[in-house]
Amino acid sequence: MDLGNNERRMLRVMLSKPDHSWSLEQLLSATGWDDQVHVAGAGAGLTEAGLVEVFEERVNSVSLGEEGSSAVSVGLLEARLWGWISEQQPNDRTMAALSSEFERHEAGPGVGLLKALGVRLEAGSMVAEDEGSVSSVIEQRSAFIESLSAGPLKQSTLDADMVSHFSSRKGLIVVEERVSRNWALTEAGSSVDASMLEEVDLIGDVTPELLQGDDWRDARFKPFDVNAPTPTPAGGRPHPMQALIEMIRSVFLEMGFSEIEGDFVQSAGWNMDSLFIPQSHPARTMQDTFYLSEPKQVEVEQEYLDLWARVHEHGHDTGSRGWGTPFNQEEAKKALLRTHTTVNTVRHIAENPHEPCRVFGIGRVFRQESIDRTHLPEFYQIEGIIHESEANLPMLISTLKTFYSKMGFPDVRVRPAYFPYTEPSVEVDVMWRGEWLELGGSGIFRPEVTEPLGTEWPVCAWGLGLERLAMLILELDDIRELYQPDLERLRRMPIL
Ligand code: PHE
């Protein structure tokens, strides 16, 4: 049996009266402890070891309220009034005299209390049929209040009429339910040999000083209880979304990618026309895209406006026939909040058409979505490209598989999909709790996209949802939980 010192002490004390059921106060005085935490702790340990049993009893305890405490020092209201009345000559026991002696807030209720005891007003004077009985009731009441002045008492030990009388008066007494515990030895506990319960010095901290000497060789060590409950420190921590972004960033950096950034405000031209999204595409309408009113337009180089016009109208020299409809350059200059981060990667290619690259960016995008369990009007995308002479579809797929498996999702599948700017286009799903969940789009940029940018190489491109991934990793079923300032909930989210 491996008992701690407190447990040994409590058990030894209890063995002095093996059949007794010990109250907290009795155990405190017998053990010499001044903190009930020791009794509770050692009691729990002994209970766990099957040596002690705890009995809990719910009892109503009665203590003094604020008015009650003041009655202890100055006297009950009826006692003070009756005392004053008794000192007056019979003719001076008038309401007027009483009112000048006592505050109005005392005189009124005080007279009420006395009337209930049989005091009457007769010809302007206060009289009682039986003065002796008034005095005696008041004395009993005072004694009752006095008896509580040393601390709370069990209701069952008190006069029920008194409790009910004072319960009906404001602030005099407080009746509360309390749990009282008693500890008693079990059979196994009573048969422990008290001489085995010497307290031993157990070493809790292994210090360098201890290890330098030889004493530790004979020392007894406190067992280390990894299951002991401890308070959870609530220190500062990064927001889970920020922590996840950092994690994704380090995964791509580890895979040899460099990070790029871009502005929230873009032209429709770069956000859409450069990607060969037809100007009549429904996603371009005000129901889907946030257009700016200030500025209404942003500058776009004429060279690109002309190029996109030719590509959209007839395919330019990309081998495509284009959309076959007139291109509106004013439409391309419209200012908007970027609807995807693909705008960053195309612009990166336009700025570096002859430099092979592997770049990624994690950025916020904006769409006119109604907020619900899985949609937000502002969310993050994880965007990336591989732009080099040998870029191809298997390279794209293996890159995405590597990324997701580093994020903890080894099962990835791709399905054919459609985007106006990629061919082939693939949708990426990951396996989560036995289900395939769609996490993003990808593909190889079409020549209608890459040629006007000035490159001859293929480009593997992807745009993945971050919040969806966050929901899986943080085990949320409502996307809004990510952005609610609920510190309790945020604190409970896993540390990444
Ligand atoms: N831009 C697409 C989206 O927002 C994702 C995508 C990026 C698809 C790159 C193909 C290539 O959903």
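**Close-up views of a predicted model**

**View 1. Asp372 in its loop.** Asp372 is partly exposed, with a relative accessible area of 32%, where partly exposed lies between buried (under 20% relative accessible area) and exposed (over 50%), computed with a 1.4 Å probe on protein chains only. Asp372 sits in the loop between strand 12 (357-366) and strand 13, strands being DSSP runs of E with at least two residues and helices runs of H or I with at least four, both numbered from the N terminus. Although Asp372 and Arg480 are 108 residues apart in sequence, their C-alpha atoms are 7.6 Å apart in space. This is a predicted model, in which local features need pLDDT of at least 70 and side-chain atom pairs count only at pLDDT 80 or more, while totals for chains, interfaces and linings use all residues. Residues are numbered from 1 along each chain as its sequence is written, and side-chain values use heavy atoms, with hydrogens and water left out.

View 2. Of the 13 residues around the ligand, His340, Thr342, Arg367, Gln381 and Tyr421 come nearest, a residue being near if one of its heavy atoms lies within 4 Å. A polar side-chain atom of His340 lies 3.1 Å from a nitrogen atom of the ligand, and an N or O atom in the side chain of Tyr421 is 2.8 Å from a nitrogen atom of the ligand. On the side chain of Gln381, an N or O atom is 2.9 Å from an oxygen atom of the ligand. The protein buries 91% of the 330 Å² that the ligand exposes when taken alone, with areas from the Shrake-Rupley method and a 1.4 Å probe.

**View 3. The shell around the ligand.** Strand 13 (378-387), strand 16 and strand 17 (459-465) each supply at least two residues of this shell, and strand 17 gives the most, with 3 residues.

**View 4. Helix 16 within the structure.** Helix 16 (residues 342-351) is largely enclosed by the rest of the structure, because 8 of its 10 residues are buried. The buried residues include Thr342, Val343, His348 and Ile349.

**View 5. Arg433 and its partner Glu475.** Arg433 is exposed, with a relative accessible area of 59%, and lies in the loop between strand 15 (422-432) and strand 16 (435-445). The side chain of Arg433 makes a polar contact with the side chain of Glu475 at 3.0 Å, a polar contact being a pair of N or O atoms within 3.5 Å of which, within protein, one must be able to donate a hydrogen and the other to accept it, and residues adjacent in sequence count only if both atoms are side-chain atoms.
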